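Q: I have a model open and would like to learn how to read its features one by one. Could we go through them together?

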Amino acid sequence: SGPRGRLRELGKELDWIVCADPRAFPQRRVQNAVLCKRSQAGRVRSRLVRFEAGSLLHPRGALLAETDAGWTAVSVHLGLRGPERGRHLEQLAELIEGSSSTFVMGADLNALPEDPGPAAASRWATDCWAAVGDGTGATFPSLEPTARIDYVFVGPTSQPLRAWTVTSTASDHLMVVADVEMDVAHAQAGTGV
């Protein structure tokens, strides 16, 4: 997510709520963030969950932003090694199971769609690109993308409408964007994943 100051500036410019990983000195930052449009979120409570048994140099985790509007936004960045990703996906599945069934999750899984990680996530969430994307969906490297390693997933009470990538110099990855219809009334009724 980059420096907190830039996140605050972006949130102020957009008039959106910024949820970023909290300071945890002497630990390194996980650097996950969620930005929520004020008019669609209401009050937001966020929490960072650091994944266990990960890299000290590049810690990984999930930032959950739970809204009064009845939906949850999740930001996830998994490690580069397969065994580490597998452990972290198990922890992520447990987190998602305890949240609203109406969620949207942006994820850098560092894995191709046919790899075990994305395939596992697709058992409890819908991969927006696989459902409604047009083209390869390649996101990395941003200058000449050849690999789809970035995803937007939604929970069982949401429907992806369209998905696309956006070229930007803000990252070495292309952004994945999705229009999603959420059944918030269903989520507010207390249905879990």
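A: Helices (H or I, at least four residues) and strands (E, at least two) are DSSP runs, numbered from the N terminus. This is a predicted model, where local features need pLDDT of at least 70, side-chain atom pairs count only at pLDDT 80 or more, and totals for chains, interfaces and linings use all residues. Residues are numbered from 1 along each chain as its sequence is written, and side-chain values use heavy atoms, with hydrogens and water left out.

Q: What residues does A53 contact, leaving aside its neighbours within four places in sequence?

A: The contacts of A53 are E84, R87 and H88. A53 sits in the loop between β3 and β4 (61–67) and counts as exposed at 52% relative accessibility. A53 and E84 are 31 residues apart in sequence, yet their C-alphas are 7.5 Å apart in space.

Q: Next, the sheet. In what order do the 6 strands run?

A: For pairing, DSSP has to find at least two bridges between two strands. Here the order is β3-β4-β5-β6-β8-β7, in an open sheet with mixed pairing. The edges are β3 (44–50) and β7 (126–127), each of which pairs on one side only. Look inside the sheet at β5 (residues 72–77) and β6 (residues 103–108): they pair in the parallel sense over 6 bridges. T72 stands opposite F103 of β6.

Q: How do I read a core, and which residues touch the most other members in the largest one?

A: A nonpolar core is a set of buried Ala, Val, Leu, Ile, Met, Phe, Trp, Tyr and Cys residues joined through side-chain atoms within 4.5 Å. The largest has 20 residues, and A62, V74, V76, L92, M105 and W124 touch the most other members. At least two residues come from each of β4, β5, α3, β6 and β8, with the largest share, 5 residues, from α3. Take L92: beyond its neighbours within four places in sequence, L92 is in contact with F51, A62, V74, V76, M105 and W124. Another core lies apart from that one, with 15 residues, among them A41, W71, V104 and V152.

Q: How many disulfides does the structure hold?

A: A disulfide is a pair of cysteine sulfur atoms within 2.5 Å, and the structure holds 0. C19 is in none, with its nearest cysteine sulfur, that of C36, 5.1 Å away.

Q: What about the backbone: where does N110 sit, and what is its phi?

A: Most residues other than glycine have a negative phi, and most peptide bonds are trans. N110, in the loop between β6 and α4 (116–121), has a positive phi near 50°. N110 counts as buried at 16% relative accessibility. A polar atom of its side chain lies 2.7 Å from the backbone oxygen of L78. Beyond its neighbours within four places in sequence, N110 is in contact with H77, L78, G79, L80, R85 and I149.

Q: And is D15 buried, exposed or partly exposed?

A: D15 is partly exposed, with a relative accessible area of 48%. D15 also has a positive phi, about 60°, although it is not a glycine. Look for D15 in the loop between α1 (4–14) and β1 (16–20).

Q: Which peptide bond is cis?

A: The one from F140 to P141, with omega near -10°. P141 is in the loop between α5 (128–132) and β8 (150–154).

Conventions: Buried < 20%, exposed > 50% of the residue type's maximum accessible area, 1.4 Å probe, protein only. Polar contact = N/O pair within 3.5 Å; in protein donor to acceptor, adjacent residues only side chain to side chain. Contact = heavy atoms within 4.5 Å.
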